[in-house]
Amino acid sequence: MFTTNLTGYQEVFTDPSYTGQIVTMTAPMIGNYGINQEDLESSKPQVQGILVRELSQEYSNWRASGSLGEWLAGKGIPVVEGVDTRRLTRYLREKGAMRGIVAEGDTPSDDARKRLEASPKMEGLDLASAASITKERVVGSAKAKYHIVAYDFGMKENILRMFNSLDCRVTVVPAKTPAARVRELEPNGLFLSNGPGDPAAVTYAMPVIRELAASGLPTFGICLGHQLIGLAFGGETTKLPYGHRGGNHPVREIETGRVLITSQNHGFAVRGTTKNVTGAKELEVTHVNLNDGSVEGLRHRTLPTFAVQYHPEASPGPHDARKHFQEFVQALDSQ
Amino acid sequence: MPKRTDIKRILLIGSGPIVIGQGAEFDYSGTQAVKALKEEGYEVVLVNSNPATIMTDPEIADRTYIEPVTPEWVARVIERERPDALLPTMGGQTALNVAMALSEDGTLAKYGVELIGADARAIRMAEDRREFALAMERIGLKTPAGVVVKSVAEALKAVETLEYPIIARPSFTLGGTGGGIAYNRAELEALIERALDLSPVHSTLLEQSVLGWKEFELEVMRDGFDNVVIVCSIENLDPMGVHTGDSITVAPAMTLTDREYQLMRDASIAIIREIGVAAGGCNIQFAVNPETGEMLVIEMNPRVSRSSALASKATGFPIARIGAKLAVGYRLDELPNDITKTTPASFEPVLDYVVVKCPRFAFEKFPEADARLTTQMKSVGESMAIGRTFKEAFQKGLRALEIDRPGWTVGQTPVDDRLEAGDADTIRAALGTPMPERIFQVKRAMLAGVSVKEVHGLTNIDPWFLQQLAELIAAEAEFRAAPAVGAPQLRSMKRMGFSDRQLADLRGKKEADIRAERWALGIHPAYKVVDTCAGEFPSKTPYLYSSYDEENESEPLGEAGIIILGSGPNRIGQGVEFDYCCVRAGLALRDLGYRTIMINSNPETVSTDFDISDKLYFEPLTLEDVLEIVRLEQPKGVVVQLGGQTPLKLAKGLEAAGVKILGTSPEAIDVAEDRRRFEKLARDLGVEQPPNGTATSVEQAVAAALRIGYPVLVRPSYVLGGRAMKIVYDEPSLRDYFDRAARVAPEHPVLIDRFLEDAMEVDVDALCDGKRCVIGGVMQHIEEAGIHSGDSACVLPPFAIDAAVVETMKRHTRDFAVALGVVGLINVQYAVKSGVVYVLEVNPRGSRTVPFVSKATGVSLPRLAAAVMVGHSLGDLGMTDDPQVPYVAVKEAVFPFTKLPNVDTLLGPEMKSTGEVMGIDDTFGMAYAKAQIGADGALPLEGSVFVTVNDHDKPALLPIVQRFHKMGFRILATSGTAQYLASRGVPVESVLKVWEGRPNATDLIVSGAVHLLINTPLGKITARDDYHIRRTALQHRVPYTTTMSAAHAACDAIDALRTRVRTVRCLQEWYAQAAVPGTPATQPGRPGPAPGRK
């Protein structure tokens, strides 16, 4: 698949939502500002491979701690340079995101073809449990005003940074944590993270989400978390032709009519129209994508549960939607 | 929120003449805006004094006023038209300032006119340096430490808290006019004086310099619903200290991480909200400390700008068009993305290519000017190039400049790169001071072994850019040393943007050989689409650029297509006039059912608007780049006669490659350009020429001049805009000139003509279909022969020339056109002396005056020329009679002298003007007065006229001074002139020359005691004196003339202003008047005979 982010390659490569994917960067010059230690969205590159038009040999930035090429090589991530990435992007736009393989040579060998055929399709694939942490961890000050339990399906670091900055302590729990454990932790709110793969395959999460949200616990979901909330309340998800990946997607906030420029990274979406979420009467649509009309945000009609498909934490991307974190914290306050 | 229905008629103000800092980009923006508003059903009234614009074509706006863009004259238009709203953000600083003045003097309130787009409060907050700094503080953003001052004394006190170097940024000026950098107290005093002088509100910001910091710009749009998008980020290769207009700039930003970019984005959104730009675009400039990342806000322009035009071209997002729609109430999400047509305009464009803009300078015209690049813009044009990588775009951008660099290539000698010598130390010493040639000095430095690190230390250019450049040098070395060159090597070099000529030079071959090899190997560029979305959505608009990448997306049009070659970067001598011709012709061809393909590299233009042609190739206008497009497109033909010298130079090469040239044949062009062949033609047709000769060596030249008789006019063949043209009075000057000019065009000889002193010059523009020739217009120059035609004011129709002489010139023009087999436009220049008509030159192509003639007569010459070029006869087109007009149109040239300190304002055969205005009225006097006012040379109605002229001009001066005296002006003169006048009965007061003591002439000018200056050069001894007087007049905004004929015209104009009612009328009305049946085609009203005129 491809992403159209102009800046933020380091964030893209370390975003766990990209786990298992080969990413084509439509921005042609990659690596210009090197890498640094602050803009990591997880501890390591999550992508499987990277396709670029030109990988910068040298870098320049006051925060840079090293070169992108060397860093990726050190982590064993293959980068293919000199690709007509626009041609590839146009191809993917027509044919949809697809399985791929990075191999040597001008034409694929039989071996490469076999391995490609053997690789799993994205539909039906639960990648979230693999991207998730295996042990609980607590991030933030013990003195923080709020306590949130965050289900990690492949969570970006910046989400934690955002919560911490709003006086929240976050207990990050593995994807398959049972509802009982969450109740034990006595959080003020529940967060469902972004993550890779087909939401419909994350079957274990849906009953848990439904149970916790129904208990009146303020619940907020981003990206995969959004899709899981949709599914938990009876909705459906579908694979988008080639996904939304980039930092320039216009989203209308239905209530106000305002347009937010959002950061997006998803291949699946909750089915619905501007009015309704298909199959989920309890949910209403709050945000819609202006390019293709897809559902970008939803809210429970009675419970303090809401979610957005895009990434309010940005990193990379614009900050127009950061207010959703505050909205969540306000929901915590009103409990 | 749909569009507003409470407003119906909207006034749009254009930017007036092209000046440094305010160029063709405002024609692009304004035209887009007018079209966008008309599309929505609004009635649009336009005021712009610049006839060389598409926006002033009568079919663009509903009511088109070619009147001075000043508060007084725009108020007249308002009074007459009673618009509901005024859109002030499309005409640069000029429009903004006029709108502010009309708001402050109550005119807008009086007539109930609402400012839309940006209101007075927002404009003031953005433009007033003090208010802006306060606004930034309110939203927690930092600006450079600084203080706003209104006097030198205040400034000197203020600098106690600042450290040198200090930057001055005057309030309410354009292109950083009057700004600069001071390194010490003396420089500061001079700087402040100038800055306060040039600021219309006499205030300037003094700012702690952040020289060497990284410089970025963001283009922001906001709708009335507070939705905001960032259209484009731009990073300057030249760091802070060099005006962004003079910098090489790159889009998108190359060296910002997402974190830093988003901070800048957040800041931009906060700024546009705080300043309160209601609906429209703005441009915000940032400086970033390369060591710490500290970000400062430098300035914000609450309007479209040069950068917004660049951003529009760089992204495909039409900022002005969208801005106009937002101003009338639309929301961003209600408007479609004009490129994709399927997604909304409420998005942020993403680029899958790199854009590089390169400035084009004109210092060869002003050798005495200070060429150091500072915060005041000095470039006159720019090229833009698109490539898939920085290296590719960078090299394409440089070759698109047409400065004889086929890419990033050092000059033939160090002097070409403004270096005294080529050694590393000399280069090191030079690098610290930014000059127009610095980018080439950087290459010399690297070739001389200076490290990237050291070059960075000397220039502060970001190491990333320098590293890219170093990679180009490494690639060159490898290519040069390769034992053999095959497809992989060639392809690899082409992918880095190297031109065939560069590769040929590296391999010691000819350009044609490399091209043949390359073509044999099947290596051609692929054309990619600029689609605003990096390929994410299908795009409907074929806006293309070349890249040596794999997939070609351009579907050739074949025989249905016609290619029009544009005119490349604006420069003195080749400006917006030629773009006008290309656009007009292109639209006409479309109307005739052809599909048009535009090739151009100039982002400021209307021609590079993607909806003007069926296909747009944003490419350099070199033979290589054009041939590749022709090879793919296989068009019906190529139009070369409308874009000035740039396409004309390619005609021969294209024809040799088998490309069909539409219209006049390259052979005919050659007859007109080749001195011997032309001389024979003129002789055969019985047309007089000044005695002349050609020379390819200095001895030949001396012999020829001796035969012809001094003074002689010398120039190289094949030039435009009078480059290296000079009037020479004796042999030593001739030898001196010839040594230097010989290098201008080695393959062409130098032409030597007898210079006809005191002759009157006339330009004729005509149209020919090969058989019939129609005269479009005859223009009499105001200035005498010897002043470049582009710099001379001119009047249409001519007056003070016998009708019989005019008829002779028309006849000659027809004879030339038919004899040359011209199919399209032709321009002929004549000199008239003692009733004899001499032909000076014949240009079988569209000329600089074509837009003026078209505007003055209402007959669109380029449109007709286009039809003729594809085979229509003038008879078919109903164009059989010469247009006649019952009114007078005057064109006046506009000069860059205020932007270039130290440059003499004296005119000569070398063209120096950057733009033009037109005045149109019933009488010559009023038309000339309007032209002067439009050119920022408003004439006094009373007061003192200071005259100081050479002996030769004294007889001509007498009747002029007598008229001024009669009108009640005080006459001041230097001793010689005073004696002459006094002895002939004119009351005159004598004034000291500068070297005669004080108070002297310049003191009087400085103290405001002189209201008009008439000065002709007095000879070598007092040359400095003259120069000081003229510069002083310029600085203190005292109108001046440097020729007797212009002084005479000024006299007519003042008379008209004093005695006639000042009225405005739109072109549509003038044309209706011209078309009244039965109107005798007589000469228009004029102020009686022109006494004393030669």
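In chain A of this predicted model, 22 residues of domain 1 are in contact with 23 residues of domain 2, where contact means that the C-beta atoms of two residues, placed from the backbone, lie within 7 Å. On the domain 1 side, β1 (2-3), α1 (9-14) and α3 (85-95) of chain A each supply at least two of the residues that touch domain 2. Helices (H or I, at least four residues) and strands (E, at least two) are DSSP runs, numbered from the N terminus. That side of domain 1 of chain A divides into 8 nonpolar, 10 polar and 4 charged residues; here Ala, Val, Leu, Ile, Met, Phe, Trp, Tyr, Cys and Pro count as nonpolar, Asp, Glu, Lys and Arg as charged, and the others, Gly among them, as polar. Domain 1 of chain A covers 2-118 and domain 2 covers 128-333, with bounds that come from an automatic or database domain assignment. The C-alpha centres of these two domains of chain A lie 26 Å apart.

A word on conventions before we move on. Residues are numbered from 1 along each chain as its sequence is written, and chains are lettered from A and ligands numbered from 1 in the order in which they are written. As the model is predicted, local features need pLDDT of at least 70 and side-chain atom pairs count only at pLDDT 80 or more, while totals for chains, interfaces and linings use all residues.

Now turn to chain B, which holds 36 helices and 39 strands. Its radius of gyration, taken over C-alpha atoms, is 28 Å, close to the 31 Å that the globule rule gives for 1094 residues, so chain B is as compact as a globular protein of that length. The rule itself is 2.2 Å times the number of residues to the power 0.38. Along the principal axes, the C-alpha atoms of chain B fill a box of roughly 80 × 65 × 65 Å. Among contacts in chain B between residues at least 6 apart in sequence, 71% join residues at least 24 apart.

The domain assignment of chain B gives domain 1 (9-116), domain 2 (145-209), domain 3 (526-664) and domain 4 (691-752). Between domain 1 and domain 4 of chain B, the C-alpha centres are 46 Å apart.
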